[in-house]
Amino acid sequence: MTDFLLVAWVSALIELRRFGWMFGLGKRWTPGEKLKLLFAGYNGTRNTGSDVRVEEMLRQVRHVLGARNVEFSVMTQNFDRTKGYFEGSRQVYLPDVYPPFLFREVHSNHGVVACEGSMFKSKFANALTTMMIGSLGLASAENKLSVAYGGDAGHMDDLLERMCSRYTRESLVITRSLESQQLLSSLGIPNELGADTAWTFEPHPPEYARKVLRESGWDEKTPVLALCPIHPFVWPVSASIAKYLASVTTGAYKNSQYRTVYFFESGPEVDRKFRHYLKGYTQATKAFLEKHRVFPILVAMERLDRVACSEIAAAIPGTPVFTSDDYDMFQLVSLLRACTYMVSSRYHGIVTCMPAGVVSAGVTMDERIRNLMRERGHQHLLLTVDDPDLAPKLTHIMDQLVVEAAAIRDGIGRTVVNNLKSMARMAIFLEEEVRKTYPEFPLRQGIFSWEDNLPPLSRELLKLVEEFDAAPAVLAAGR
């Protein structure tokens, strides 16, 4: 019922904006103005993947459209947790009860860029997907730029699927997987195939990571093994006014409360599955440590991952834990890239370390890591979080990371370059959408190589491009 009320509320606001636009109550971009874009996403919770995505999105869009021509706003749920992020952009506070905020903020901009990776799916939170659809729909209602940038679509509850089909038909959705593109096409939603936007991210230099690891007991020689576990069974987060009232009046549901009216899944079955998952990670890691000399570390890519990391660290004494609460995205990704091996249930744990050739395997809760491993040609390095034989299978996969390291790195390097090219194509799609929406906007003129459609690349990425880009340069013509 709470999801229904939220969807109804946001849908009503979109219809109200559409009605107002018909009677001349909106204002479009005019030549001479800076193009004001609102980047709508899930930032301010110290989810490293979400923050890295938006950081690079801002860099690419600013590079392509011209810094002097644009003005960006980025949503955040906590200013302290995004301090030092999103340079050159205005940060705006996203409240838990967000429909009035969206109604005001989208209206005050010339367009919306939806940022969330898990954009159209019910796996994590219907409220989040409703916010993504609402942001795009409110922009479309006033004939403004409405673009979803490098996200995924998956299973949606019927109510959300109908909302998505109705209110994003006038948006452009650039997906990061073929599977997402196919689903959106079946709903009649315009789309193009792109990539995630984290590929161009540049963290702190290697010297930073070596110093931190050295202070944590590393000898500067032993290969580092990174483990990025999560709690995969508490999703989706659901809004519940009844639970909220019970928590306020009796203290019930406190342990499963995410914040305000939003609650995690909980109960004996959730606890049982989580124990099995932790046992699999722990037993496989212990077996790996008996065979191979490595320095293990645990990395909480999101604040919520601290619980899983702490549980495994307690079972493997002496293993340092690095959390996104204590380390920002520039620091945390630097640590990941200093590793030799990785086992991760975090998609961006794998993505952000691939430019450094870290040999990685995935234990996945959804399609994101599965799609990435298929793209790499490494389906044999993938397990699911609820695999009944997780411990023995993961033990075997971790051994394969050592045996097949050279071949795995080769597949990783090729995949990074392929995704950089896909990300470069996204700039062309964006320019075409800007041209269609605002024909007088001063877009670039001339002939460009594919690298020109990306923000400046690090030496590490340029080296990979030189090694793995055997094809002739792809040219894009500005018009």
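Colleague: Which residues lie nearest the centre of the largest cavity?

Modeller: Tyr42, Glu116, Phe124, Leu128 and Trp235 do, among 34 lining residues. This is a predicted model, where local features need pLDDT of at least 70, side-chain atom pairs count only at pLDDT 80 or more, and totals for chains, interfaces and linings use all residues. Residues are numbered from 1 along each chain as its sequence is written, and side-chain values use heavy atoms, with hydrogens and water left out.

Colleague: What counts as a cavity?

Modeller: On a 1 Å grid over the protein atoms alone, a cavity is a set of points where a 1.4 Å probe fits but cannot get out. Lining residues have an atom within 4 Å of a point.

Colleague: What volume does the largest cavity have?

Modeller: About 560 Å³. Volume here is the space filled by probe spheres set on the points, which are joined across faces, edges and corners.

Colleague: Which element gives the most to its lining?

Modeller: Helix α2 does, with 4 residues. At least two residues each come from α2 (48-65), α4, β11 (257-259) and α12 (347-353). Helices (H or I, at least four residues) and strands (E, at least two) are DSSP runs, numbered from the N terminus.

Colleague: How many cavities are there of 30 Å³ or more?

Modeller: The structure holds 2.

Colleague: What does Thr130 touch?

Modeller: Leu6, Val7, Val10, Tyr98, Leu160 and Met163, not counting residues up to four places away in sequence. Contact means heavy atoms within 4.5 Å.

Colleague: Now sheets. What is the strand order in the open sheet of 3 strands?

Modeller: The order is β10-β12-β11, with antiparallel pairing. Two strands pair if DSSP finds at least two bridges between them.

Colleague: Why is one side of β10 and of β11 left without a neighbour in the sheet?

Modeller: Because β10 (238-239) and β11 stand at the edges, each with a single partner strand.

Colleague: How many bridges join β10 and β12?

Modeller: They pair over 2 bridges, in the antiparallel sense. Ser238 has Phe263 in β12 as its bridge partner.

Conventions. On a 1 Å grid over the protein atoms alone, a cavity is a set of points where a 1.4 Å probe fits but cannot get out, and a pocket is an open set with protein on both sides within 12 Å along at least five of seven lines; lining residues have an atom within 4 Å of a point.
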